[in-house]
Amino acid sequence: MGSPNGRGHRSPPVARAPGSPRAVGPVCVGKMAAVSLRLGDLVWGKLGRYPPWPGKIVNPPKDLKKPRGKKCFFVKFFGTEDHAWIKVEQLKPYHPHKEEMIKINKGKRFQQAVDAVEEFLRKTKGKDQDLTIPESSTVKRVMTGTVAGFKWPPSVSEPVKDSDPHFHHFLLSQTEKPAVCYQAITKKLKVCEEETGSTSIQAADSTAVNGSITPTDKKIGFLGLGLMGSGIVSNLLKMGHTVTVWNRTAEKCDLFIQEGARLGRTPAEVVSTCDITFACVSDPKAAKDLVLGPSGVLQGIRPGKCYVDMSTVDADTVTELAQVIVSRGGRFLEAPVSGNQQLSNDGMLVILAAGDRGLYEDCSSCFQAMGKTSFFLGEVGNAAKMMLIVNMVQGSFMATIAEGLTLAQVTGQSQQTLLDILNQGQLASIFLDQKCQNILQGNFKPDFYLKYIQKDLRLAIALGDSVNHPTPMAAAANEEEEFKWILQEEVHAVLKQLQDILKEASHRFALPTSGSGGAAKEESFVLSTSGTDQVKGVMTLQGDALCQADVNLKMPRNNQLLHFAFREDKQWKLQQIQDARNHVNQAIYLLMNRDVNYQFKTGLEVLKLMDAVMLQLSRARNRLTTPATLTLPEIASSGLTKMFTPVLPPDILVNFYINLNKLCLTVYQLHILQPSTTKNFKPAGGSVLHNPGAMFEFGSQRYEVSHVHKVECVVPWLNDALVFFTVSLQLCQQLKDKISVFSSYWNYRPY
């Protein structure tokens with residue numbers, strides 16, 4: 001469609017540029033004198049941001065009014081049956097610029113159009129001169145100049161893909177005859193109604209006949225500014241409608257307020273202040289919440305108020321909404337749309353409507369602004385069913401195409417050749433060409449979210465189940481689409497959840513980060529035995545080290561009381577805590593390397609990531625749950641006994657360590673074995689937990705453990721950390737199980 005020419009009037013009704021070249025380079029910049037053109041001339045015609053295309057100036061149909069404003073000609077394009085009004089400044093003579101146009105346009109359809117021109121010239125050669133190309137003095141001047149001096153008027157500079165849907169939006173191309181009149185269009189619509197029981201309003205045809213869209217004088221409301229809603233509202237505003245908008249995220253309304261829309265504070269307020277309110281939300285739950293929720297649509301409904309739900313939902317949902325709206329005296333129409341974000345932005349959606357026929361007619365100008373065609377399908381529920389069937393076919397088709405491209409790749413066949421073959425056969429379509437070109441070019445930017453396709457497939461399968469009609473192809477496509485959704489959506493949701501949990505676990509360790517200079521917080525714990533209180537200790541834990549310790553020991557043999565503490569310049573390092581935190585941070589690092597923009601291409605890739613994360617979490621948990629204490633010879637030789645004041649007696653050894661969520665203190669009382677002893681000496685070896693009777697050798701002396709005193713105290717944040725580890729490991733395993741199940745059925749590969 002053309003750009004707006006003031007509110008309420010669309011600029012010259014034009015068809016899309018015909019054909020579909022894959023890529024368009026920039027046209028050379030410069031200036032040239034105006035060209036005098038007349039009926040019968042061969043020209044290059046340019047529409048907006050679309051590439052120049054060869055055509056011929058012809059007489060327009062008698063019933064087609066010439067657009068107001070700048071001078072323009074009616075052009076028939078070669079290689080297609082498209083016609084359009086083209087402004088004179090967008091037209092250039094064919095021959096002077098033929099070579100340049102051929103250089104910058106490489107598509108197959110473009111070459112076919114050029115071939116059609118040459119065929120036309122061959123057929124007309126030698127015939128009446130009125131059919132040949134006129135050579136005015138202006139044309140001669142251009143032909144003697146440089147091609148580099150050629151310039152089209154400024155337009156949007158986006159490159160145009162071969163698959164742009166507008167290339168197949170025909171304005172008047174119903175037959176080879178240029179004079180397609182309004183009566184022919186009306187007749188076609190009548191036949192459609194008689195054969196199918198439905199009627200359609202074709203916005204493009206209406207625009208072509210009337211020259212512009214006359215906006216309704218009714219106040220329009222619109223709820224939901226998502227992928228589809230944003231484009232719809234933009235086109236309503238361009239065509240001069242008075243629109244009040246609301247969105248759950250209010251910031252999305254700002255752009256439309258700048259374009260002239262009004263802001264509604266709640267859905268109820270929008271409905272109460274507008275004559276017709278449209279809504280477009282994501283799923284059945286959102287549609288119900290919008291109507292039945294607090295300050296919802298239902299609260300604004302009064303007799304005569306109109307509500308049009310454009311969401312793709314199931315028939316039961318839309319029937320329920322219709323009943324509650326009508327019960328309040330309102331009028332209801334369901335009008336789901338077929339298309340994607342680009343078609344929404346371009347005003348080229350297909351609208352399927354059902355419900356109040358009068359309301360359907362009242363929405364005529366709105367439907368023409370947002371779509372190229374609309375169908376009325378009868379009673380409420382029919383449009384929902386038809387929309388789900390359409391989306392089921394489309395989803396199944398895309399799943400098959402994806403499998404075909406993958407199979408071509410793994411069997412050594414050219415994917416581009418496969419696409420070329422399909423485009424020359426019965427499956428040729430803009431949808432096929434657009435999607436496949438995006439895949440082959442590595443362009444995976446969504447114009448329709450995968451979760452919505454999967455939602456529609458589920459609803460379509462449920463529709464089939466409700467009438468006992470199997471839909472095995474859709475079910476298979478649903479499984480594949482669900483797997484893709486898992487890889488693209490659910491995996492990242494789980495990764496984000498894991499990151500949040502593990503960051504919280506890391507914070508629990510209360511250690512200063514590298515280079516932060518901050519000190520870890522200090523916590524004091526009292527460790528004592530029950531009953532006789534042989535050992536009692538007060539410890540201060542700072543991060544991964546004990547910075548203070550006061551220990552009282554009551555000797556059982558002579559009831560002697562010993563007291564010893566850390567020297568001020570000494571700390572006892574708890575390496576278990578440091579190691580556990582390091583493993584947690586490594587797991588976080590692995591997760592952060594796969595941010596929300598990363599695309600997982602295979603289930604195996606997810607499984608490998610989960611295995612790596614689980615390995616780090618298991619190591620972190622094991623460092624805390626396994627009491628990695630020193631052996632008695634290691635304690636005796638480590639010098640740790642020298643950090644106490646007063647100095648420990650030679651027959652006392654002390655050890656601190658972590659066991660699960662507890663801080664533990666063990667005091668060993670030793671008995672020196674005399675050389676003359678008759679005991680059989682059996683060294684404890686590498687054991688780290690010692691009981692009375694354990695023996696070891698240090699220096700020239702042999703020792704036996706006579707008493708073991710152990711006290712412990714729960715450290716709350718260690719308990720929290722262990723819980724976080726367990727929950728994270730469970731999440732990883734659940735995701736692995738789900739991916740493994742789907743991977744056994746689908747091998748999702750990069751295209």
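Start by selecting Glu320: is this residue buried or exposed, or something in between? It is partly exposed, with a relative accessible area of 32%. Keep in mind as you click around that this is a predicted model.

Now colour the two helices: Lys288 sits in helix α9 (residues 284-292) and Glu320 in helix α11 (residues 315-327), so-called distant parts of the chain, 32 residues apart. Lys288 is partly exposed too, at a relative accessible area of 29%.

**Stop two: another pair of helices**

Next, select Asp579 and Arg623. Here the side chains form a salt bridge at 2.7 Å, N to O. This pair also ties distant parts of the chain together: Asp579 belongs to helix α20 (residues 575-592), Arg623 to helix α21 (residues 603-625), and 44 residues separate them. Arg623 is partly exposed, with a relative accessible area of 21%.

While you're looking at charged side chains, pick Arg331, Asp356 and Asp362. Salt bridges with shared partners join these three into one network.

**Stop three: out to an exposed arginine**

Jump to Arg265 and Glu269. Their side chains meet in a salt bridge as well, at 2.7 Å from N to O. Arg265 counts as exposed, with 68% relative accessibility. How many salt bridges does the structure hold? The count is 16.

**Stop four: the strands**

Now show strand β2 (residues 53-57). All 5 of its 5 residues are buried, so the strand is largely enclosed by the rest of the structure.

Bring in the neighbours. Strand β1 (residues 42-45) pairs with β2 in the antiparallel sense over 4 bridges; to find one, select Val43, whose bridge partner in β2 is Gly55. Strand β3 (residues 72-77) also runs antiparallel to β2, joined by 3 bridges. For that pairing, click Lys56 and look for its bridge partner in β3, Lys76.

**Last stop: helix α23**

Finish with Gln730, found in helix α23 (residues 716-743). Gln730 is partly exposed, at 45% relative accessibility.

Terms used:
Residues numbered from 1 in each chain as written. Predicted model: local features only at pLDDT ≥ 70, side-chain atom pairs only at ≥ 80, totals over all residues. Heavy atoms only, no water. Salt bridge = Lys/Arg side-chain N within 4 Å of Asp/Glu carboxyl O. Buried < 20%, exposed > 50% of the residue type's maximum accessible area, 1.4 Å probe, protein only. Pairing = 2+ DSSP bridges.
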